[in-house]
Amino acid sequence: MATIKISHTPEDGTLVDGDTVKGDGTGDILKRYGFTWFRSLRQYGHRNSRDRAPRVVAMEAAAEELRAAGHTVTVEIAEEVRPNDVVRADKHERLEDRREALTAKGDKLTQEAEALRRRSDAMVEHLPLGQPVMPGPRGRAHRRLLDRSIDTAIRSAHTAQEAERMPSRVEGSRRAEAYKERPDVTARRVDRLETELRALDRRMASLSLYPQTGSDALRRQYEGERAVLVERIAGDRAVLDAAREAGTFGRYSKESVHRDDRVKIRGQWRTVARANGKTVSVTTGYSWTDRYGWEEVKDVRCPHVQDTPDS
């Protein structure tokens, strides 16, 4: 029987270590509880578990079933939560490593495509241009050579197309990372995380009122999720505060924008129909209005003139 350790740390996520062998049944048990085989690590683990709360319920349930199957299992869970700036820096470093790998892959594919092209040309360079293929067995070798040359040229073209896609994938990764760092996107993320935190608090309150079997593991999981949410909200709020101080976020609100003002949203100028606490409604030219968060307002034009009171 195997000796297995199921562990969770913020840096590495949830991983399984042990002297397991193929066919001993441990893989089937782990898969039932959401574990996936990572070929690069040669380990089982939970996907997307870095810097997230551990799935304590699944970890403990998997450990119990493994013990019932005769294995020796320990579960180790790190309780700390890494600060937001550390998480962002670590993720940026991993993304940069991935981009470098994509760039290197593109260079390698370009070289392979050129080598295949040269090989295809070399196969038929000794044949006179326009030489017809003889019929019957006499032309069989000629036909095979032409077919091999064409197949190799097609492989070269496909490889070159794949190489040409690498720069766009790298640029797409950079754009996606920059998009997530925008103040308006960060503000929407804060709203979403706060909604998740309120829902989690309700679940934790109901758990204390109606205890059930396995509630200890579930409570530990909820506590871990809450700690992560609180840290992420605090970190994103710090980013928004810095953006406000720099004047790149939070310049507009219902106090500074009025009905019939013109606001620039997503590159277009729209007319304000109503200014609310968290959102602004703009006309569409139809019977309905579109609503956006204040974080999406990039500029304001105020064409109306204040009426002066009668003297």
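**Loops and their charged residues**

A: D260 is found in the loop between α6 (215-246) and β6 (262-265). The model is a predicted one. The phi angle of D260 is near 75 degrees, a positive value in a residue other than glycine. D260 counts as partly exposed because its relative accessibility is 44%.

D51 also has a positive phi, near 55 degrees, and is likewise a residue other than glycine. Its place is the loop between β4 (43-45) and α2 (56-68). With a relative accessibility of 10%, D51 counts as buried, since buried means under 20%.

What does D51 pair with? D51 forms a salt bridge with R82, and the closest N and O atoms are 2.7 Å apart. R82 lies in the loop between β5 and α3, while D51 lies in the loop between β4 and α2, so the pair ties together parts that are 31 residues apart in sequence. R82 is buried as well, at a relative accessible area of 12%. In general, side chains of opposite charge can pair when their charged atoms come close.

The loop between β5 (72-77) and α3 (84-124) also holds E79. E79 is exposed, with a relative accessible area of 58%. E79 belongs to a negative surface patch, which also includes E11, D12, E80, D216 and E223.

R88 is partly exposed, with a relative accessible area of 35%, and E181 is partly exposed at 35%.

K278 is in the loop between β7 (268-275) and β8 (279-283). At 66% relative accessibility, K278 counts as exposed. K278 gathers with R198, R202 and R203 in a patch of positive charge on the surface.

Salt bridges are also found within a helix. E96 and R99 both lie in helix α3, three residues apart, about one turn of the helix. E96 and R99 form a salt bridge with closest N and O atoms 2.6 Å apart, and both residues are buried.

A search of the whole structure finds 26 salt bridges.

Definitions and conventions. Residues are numbered from 1 along each chain as its sequence is written. This is a predicted model: local features need pLDDT of at least 70, side-chain atom pairs count only at pLDDT 80 or more; totals for chains, interfaces and linings use all residues. Side-chain values use heavy atoms; hydrogens and water are left out. Patches are made of residues with over 30% relative accessible area and no salt bridge: like charges are joined within 9 Å, nonpolar side chains (Val, Leu, Ile, Met, Phe, Trp, Tyr) within 5 Å. Accessible areas come from the Shrake-Rupley method with a 1.4 Å probe; for residues, only the protein chains shown count as cover. A salt bridge is a side-chain nitrogen of Lys or Arg within 4 Å of a carboxyl oxygen of Asp or Glu. Lys and Arg count as positive and Asp and Glu as negative; His and the chain ends are not counted. The place of a charge is taken as NZ of Lys, CZ of Arg, CG of Asp or CD of Glu. Helices (H or I, at least four residues) and strands (E, at least two) are DSSP runs, numbered from the N terminus. Buried means under 20% relative accessible area, exposed over 50%, partly exposed in between (1.4 Å probe, protein chains only).
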